[in-house]
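Subject: Structure handover

Hello,

Here is the structure I promised to pass on. Please open it first, then read my notes below.

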Amino acid sequence: MSQHTLPPLPYAYDALEPWIDEQTMRLHHDKHHQVYLDNFVKAVTGTPFENLTATETLRRLAEVPENIRTVVRNHGGGHVNHSLFWEIMAPNAGGTPEGAVAERLAGTFGSFESFKETFTKAAVGQFGSGWAWLVVGPGGSLAVTATPNQDTPLSAGQTPILGLDVWEHAYYLKYQNRRAEYVANWWNVVNWRKVGELYQAAI
Ligand SMILES: [Fe+2]
C-alpha cells in the first residue's frame, strides 16, 4: 500500500446503495480518508518510516519516534483502516464466505450465523468511535475484536481481514443514531471473496 496516495474506491460512490448512500461514501472517502492520509504523510516525512508501507509502519508503531507516534497511530491508523474498509465492500455482495475462511469461521464460532452475531455485538457495543474487526492471529486463528478511535489490530500483531467502521461519519447522514440498523445492513455489502483472499494472504 502506498502511503502517499489515496487509493480510489474500487467501485462507484453510489454502488453500495441502498445500504450505504452516495453522499456518505463521497465524504467518507474523499474528505475523511484524505485527511488521515495527509496528516500521516506529513508526520512520517523526513523520518526513517517515510519509505515503509503504511501497513508496516503501523505494525511497528512501538518503534515510531514518540513525538509523532500519536499522529501515526491516529492518522496512519485511519489511513490503513479505511484502505481495508473500501476493499472489503462491494456492490452485489453479502451472502456467505466460501473456502478456508468459511471453514475456519465455522470451526471457531460454531457457525457463520454465530460469527455474525459476535461481530455485530462488537460493532454495536463499541462505545463511541471505533471499529469492529475479524483478525487473523497465530496459526491462521480467527478472532473478533473491537478497537477505539483509529487503533488498528496491526499494532497488536494481528492482521485484520474484515473491518467495520462505526464512527458516526460512516453512517450518520443515512442512519442518524441508528448504528444497529447500519450494522445489520452492512452485511449486504461485505465482499467475502476479498476477505477470503486476505485470509489466504495472512496465513
Ligand atoms: Fe471512517
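Two residues are in contact if their C-beta atoms, placed from the backbone, lie within 7 Å. Helices (H or I, at least four residues) and strands (E, at least two) are DSSP runs, numbered from the N terminus. This is a predicted model: local features need pLDDT of at least 70, side-chain atom pairs count only at pLDDT 80 or more, and totals for chains, interfaces and linings use all residues. Residues are numbered from 1 along each chain as its sequence is written.

Helix 7

Helix 7 spans residues 179–186, and Y182, V183 and W186 in it are buried. Buried means 20 or more other C-beta atoms within 10 Å of the residue's own; exposed means 12 or fewer; partly exposed is in between. These three residues sit on the same side of helix 7, because they cover an arc of only 95° around the axis. That arc is taken from the directions from the helix axis to the C-beta atoms. The buried residues of helix 7 pack against helix 5 (112–125), strand 3 (159–165) and helix 6 (172–175).

Helices 4 and 5

Helix 4 (residues 99–109) packs on helix 5 at an angle of about 75°, with the axes 8 Å apart. Axes are lines fitted to C-alpha atoms, for helices over the stretch in contact; angles run from 0 to 180 degrees between N-to-C directions. Helix 4 and helix 5 are therefore roughly perpendicular to each other. (Angles under 35 degrees count as roughly parallel, over 145 as roughly antiparallel, 65 to 115 as roughly perpendicular and the rest as oblique.) From helix 4, A102, L105, A106 and F109 meet F112, S114, F115 and T118 of helix 5.

Three strands form an open, antiparallel sheet in the order 2-1-3. Strands pair if DSSP finds at least two bridges between them. Strand 2 (142–148) and strand 3 are the edges, and each pairs on one side only. Six bridges join strand 1 (residues 130–136) to strand 3. V135 stands opposite P160 in strand 3. Helix 5 lies across strand 1, strand 2 and strand 3, at about 10° to strand 2.

Backbone details

E17 and P18 are joined by a cis peptide bond, with omega about 0°. P18 lies in the segment before helix 1 (22–44). Q176 is not a glycine, yet has a positive phi of about 50°. Q176 is in the loop between helix 6 and helix 7. Q176 is exposed, with 11 other C-beta atoms within 10 Å.

Best wishes
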